[in-house]
Amino acid sequence: MISKLIADIEHAFSKVEYPGDYNIAPMDDMEGSEVNDAFIGKSWKDINYKHLSELSFALIYFKSKAFIYFLPAFMIGCVKDQEAEYGSSCYSILRCFIPPD
């Protein structure tokens with residue numbers, strides 16, 4: 001069942017294009033720069049999901065196209081690693097879809 005869900009995520013995002021090196025995150029603070037350094041030139045398919053647990057904050061810094069492009073890496077990470085270690089990233093994904101007050 002998990003492998004089917006991962007395959008469905010991969011298929012759903014398979015045609016999303018890389019946003020471009022200058023369209024990852026704003027560079028106006030240290031966190032945005034760190035997000036850029038971590039994701040520039042990378043395919044979401046090649047990102048190690050365990051590494052994403054350290055970068056769960058990236059979701060709030062991504063520009064729109066980068067968010068859509070890298071979201072499947074975070075989703076697959078949540079599916080593959082259902083331990084508490086990755087919980088912060090799963091929570092970060094959910095928070096992105098909660099409307100502001």
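These are my notebook entries on a predicted model of one protein chain.

**Entry 1: the fold**

I started with the secondary structure. The protein chain has six helices and zero strands, and reading from the N terminus I get α-α-α-α-α-α.

Next I looked up the overall dimensions. Along its principal axes, the C-alpha trace spans about 40 × 30 × 25 Å. I also checked the radius of gyration: for 101 residues a compact globule would come out near 13 Å, and the chain has 13 Å, so the two agree.

Then I went through the contacts. Taking pairs at least 6 apart in sequence, I find that 60% of them join residues at least 24 apart.

How much of the chain is buried? Buried residues make up 37% of the 101. The accessible surface comes to about 6,500 Å², and carbon and sulfur atoms account for 56% of that.

Nonpolar side chains tend to be buried together in soluble globular proteins. The largest one has 26 residues, and Phe39, Phe62, Phe70 and Phe74 have the most contacts inside it. Helices α1 (2-12), α2 (30-39), α4 (58-61) and α5 (64-80) each supply at least two of its residues. Which helix gives the most? That is α5, with 10 residues.

What does Phe70 touch, once residues up to four places away in sequence are set aside? My list reads Tyr18, Ile24, Phe39, Lys42, Trp44, Ile47 and Phe62. Two names on it, Phe39 and Phe62, are also among the residues with the most contacts inside the core.

**Entry 2: Lys80**

Last stop was Lys80, which lies in helix α5. Buried, exposed or in between? Its relative accessible area is 47%, and the exposed class needs over 50%, so I wrote Lys80 down as partly exposed.

I then asked which residues Lys80 is in contact with, leaving aside neighbours within four places in sequence. I found Ile6 and Tyr49.

Ser3 and Lys80 are 77 residues apart along the chain, yet 8.9 Å separates their C-alpha atoms.

Definitions and conventions:
Residues numbered from 1 in each chain as written. Predicted model: local features only at pLDDT ≥ 70, side-chain atom pairs only at ≥ 80, totals over all residues. Heavy atoms only, no water. Helix = DSSP H or I, 4+ residues; strand = E, 2+ residues; numbered from the N terminus. Rg over C-alpha atoms; globule rule 2.2 N^0.38 Å. Buried < 20%, exposed > 50% of the residue type's maximum accessible area, 1.4 Å probe, protein only. Contact = heavy atoms within 4.5 Å. Areas by Shrake-Rupley, 256 points an atom, 1.4 Å probe, with all protein chains shown as cover. Core = buried A, V, L, I, M, F, W, Y, C linked by side-chain atoms within 4.5 Å.
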